[in-house]
Amino acid sequence: GQLQAAGRRSSDLLKGQYRNSDRTEIPLNGLCYVLSECMVHLFPGLFTSYRISWGDGTTHWFLRFSDGTILDTIAENGQECIDSKSYEMARRAAFLAKVLSRRARVLLDRAGLAAPAQIGGQ
């Protein structure tokens with residue numbers, strides 16, 4: 001909840017290709033990578049990160065618990081926000097670096113959460 005609230009106030013953290021995207025239905029659209037990255041670092045070993053590659057060159061990141069339950073960080077209350085078939089085509093994916101990105105540190109700070117030193121596992 002705190003991360004999502006901070007994300008709603010953080011359009012400056014959107015990457016270029018997402019800055020002009022429609023966020024009417026999903027206000028956190030474009031922040032899936034950084035929100036997922038924050039959650040994996042805050043709760044090491046609890047989630048596995050997944051990525052969907054869309055035909056337009058963009059991606060969508062989300063998390064799965066060990067039992068397969070989806071946590072979509074851009075969806076209200078972490079529920080699924082895209083169709084089930086899209087989640088099924090996702091592939092397990094590691095983040096670009098093992099340490100928190102600058103965007104993730106900024107988002108955690110804005111959420112009032114302490115940034116962990118390094119990743120404990122995916």
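## Basis of the description

Contact here means heavy atoms within 4.5 Å. This is a predicted model, in which local features need pLDDT of at least 70 and side-chain atom pairs count only at pLDDT 80 or more, while totals for chains, interfaces and linings use all residues. Residues are numbered from 1 along each chain as its sequence is written, and side-chain values use heavy atoms, with hydrogens and water left out.

## F65 and its contacts

Leaving aside neighbours within four places in sequence, F65 is in contact with L46, F47 and L71. F65 lies in the loop between β2 and β3; helices (H or I, at least four residues) and strands (E, at least two) are DSSP runs, numbered from the N terminus. F65 has 29% relative accessibility and therefore counts as partly exposed. On this scale, buried means under 20% relative accessible area, exposed means over 50%, and partly exposed is in between (1.4 Å probe, protein chains only). F65 and G45 are 20 residues apart in sequence, and their C-alpha atoms are 9.3 Å apart in space.

## The sheet

Four strands form an open sheet in the order β3-β2-β1-β4, with antiparallel pairing. Because β3 and β4 (91-92) stand at the edges, each with a single partner strand, one side of each is left without a neighbour in the sheet. Two strands pair if DSSP finds at least two bridges between them. Strands of a sheet pair through backbone hydrogen bonds, either parallel or antiparallel.

Strand β1 (residues 48-53) is joined to β2 by six bridges, and the two run antiparallel. Within this pair, S53 stands opposite T59 and Y50 stands opposite F62. The hairpin of β1 and β2 has five residues between the strands, and G57 there takes a positive phi near 90°. On the β4 side, two bridges join β1 to β4, again antiparallel, with R51 opposite R91.

Strand β2 (residues 59-64) is mostly covered, with five of its six residues buried. Two bridges join β2 to strand β3 (residues 70-71), and these strands run antiparallel. R64 stands opposite I70, and L63 stands opposite L71. In the hairpin of β2 and β3, five residues lie between the strands, and G68 takes a positive phi near 95°.

## Helix α2

Which of the strands does helix α2 touch where it packs on the sheet? Helix α2 (residues 32-42) touches β2 and β3, and its direction makes about 25° with that of β2. Axes are lines fitted to C-alpha atoms, for helices over the stretch in contact, and angles run from 0 to 180 degrees between N-to-C directions.

Ten of the eleven residues of α2 are buried, so the helix is largely enclosed by the rest of the structure. The buried residues are C32, Y33, V34, L35, S36, E37, C38, M39, V40 and H41. What covers them includes α1, β2, β3 and α4.

## Packing of α2 with α4

Helix α2 and helix α4 (residues 102-111) pack at an angle of about 75°, with their axes 9 Å apart. That makes α2 roughly perpendicular to α4; angles under 35 degrees count as roughly parallel, over 145 as roughly antiparallel, 65 to 115 as roughly perpendicular and the rest as oblique.

From α2, the residues Y33, V34, L35, E37, C38 and L42 meet R103, A104, L107 and L108 of α4. By class, this contact has eight nonpolar, no polar and two charged residues. Ala, Val, Leu, Ile, Met, Phe, Trp, Tyr, Cys and Pro count as nonpolar, Asp, Glu, Lys and Arg as charged, and the others, Gly among them, as polar.

## The two sides of α4

In α4, the buried residues are R103, A104, L107, L108 and A111. Seen down the axis of α4, these fall within an arc of 130°, so they line one face of the helix; the arc is that of the directions from the helix axis to the C-beta atoms. What covers them includes α1 (2-8) and α2.

On the other side of α4, R102 and D109 are exposed. Just after the helix, G112 takes a positive phi of about 75°.
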